[in-house]
Amino acid sequence: MKHRSREDIIMAILKAAIGGETRARIAVKAFVSFSLLTGYLPYLIEKDLLAYLQNEIRFKTTPRGIQFIRNYEKIGLSPYSDPARGSF
């Protein structure tokens, strides 16, 4: 498997948390280790891309995080796009 960039990992985490998920579910959906996810969560919360819902014990992608996803996909920076070959 190809190594993912920091942005690719952030994108996967944000997409996994759109509906509101626990840490464990986000780690599984985003294909990241629990320890790697734990390192990214404070950063994403600080940047207002992810919110922690204390009453539900879940993380959810914020509107700013959803905008990040849209912008990231719009400019073609996804792990499945290659400018030389086009998207697949």
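**A salt-bridge network**

Modeller: In this predicted model, a network of salt bridges links E21, R25, K29 and R58.

Colleague: How many salt bridges does a search of the whole structure find?

Modeller: Start with the network, where E21, R25, K29 and R58 are linked. The search then covers the whole structure, and its count is four.

Colleague: Is E21 buried or exposed?

Modeller: The cut-off for buried is under 20% relative accessible area. E21 has a relative accessible area of 14%. Therefore E21 counts as buried.

Colleague: How far apart are the closest N and O atoms of K29 and E21?

Modeller: K29 is partly exposed, at 39% relative accessibility. K29 forms a salt bridge with E21. The closest N and O atoms of that pair are apart by 2.8 Å.

Colleague: And for R25 with E21, how far apart are the closest N and O atoms?

Modeller: R25 counts as partly exposed, with 41% relative accessibility. A salt bridge needs the nitrogen within 4 Å of the carboxyl oxygen. R25 and E21 form one, and their closest N and O atoms are apart by 3.9 Å.

Colleague: R58 and E21 also meet in a salt bridge. How many residues apart in sequence are the parts that this pair ties together?

Modeller: The side chains of R58 and E21 meet at 4.0 Å, N to O. R58 lies in strand β2 (residues 58–61), while E21 sits in the loop between α1 and α2 (23–30), so the pair ties together parts whose separation in sequence is 37 residues. R58 itself is partly exposed, with a relative accessible area of 30%. The separation asked for, again, is 37 residues.

Colleague: Leaving aside neighbours within four places in sequence, which residues are in contact with L53?

Modeller: L53 lies in strand β1 (residues 50–53). L53 counts as partly exposed, at 25% relative accessibility. With neighbours within four places in sequence left aside, its contacts are R58 and K60.

Colleague: What separates the C-alpha atoms of L53 and E21?

Modeller: L53 and E21 are 32 residues apart along the chain. Their C-alpha atoms are separated by 9.6 Å.

Colleague: Which word describes how α1 lies to α4: parallel, perpendicular or oblique?

Modeller: The axes of α1 (residues 6–16) and α4 (residues 63–74) come within 10 Å and cross at roughly 130 degrees. That angle makes the placement of α1 to α4 oblique.

Colleague: Is the crossing left-handed or right-handed, and how many residues of each class are in the contact?

Modeller: α1 passes α4 in a left-handed crossing. From α1, E7, D8, I10, M11, L14 and K15 meet G65, F68, I69, Y72 and E73 in α4. By class, the contact has six nonpolar, one polar and four charged residues. So the handedness, under the crossing convention for near and far helices, is left-handed.

**The whole chain**

Colleague: In which order do the elements run from the N terminus?

Modeller: The chain has four helices and four strands. From the N terminus on, their order is α-α-α-β-β-α-β-β.

Colleague: Among contacts between residues at least 6 apart in sequence, what share joins residues at least 24 apart?

Modeller: The chain has 88 residues, and buried ones make up 32% of them. Among the contacts between residues at least 6 apart in sequence, the share joining residues at least 24 apart is 50%.

Key:
Residues are numbered from 1 along each chain as its sequence is written. This is a predicted model: local features need pLDDT of at least 70, side-chain atom pairs count only at pLDDT 80 or more; totals for chains, interfaces and linings use all residues. Side-chain values use heavy atoms; hydrogens and water are left out. Axes are lines fitted to C-alpha atoms, for helices over the stretch in contact, and angles run from 0 to 180 degrees between N-to-C directions. Helices (H or I, at least four residues) and strands (E, at least two) are DSSP runs, numbered from the N terminus. Angles under 35 degrees count as roughly parallel, over 145 as roughly antiparallel, 65 to 115 as roughly perpendicular and the rest as oblique. Contact means heavy atoms within 4.5 Å. Ala, Val, Leu, Ile, Met, Phe, Trp, Tyr, Cys and Pro count as nonpolar, Asp, Glu, Lys and Arg as charged, and the others, Gly among them, as polar. Buried means under 20% relative accessible area, exposed over 50%, partly exposed in between (1.4 Å probe, protein chains only).
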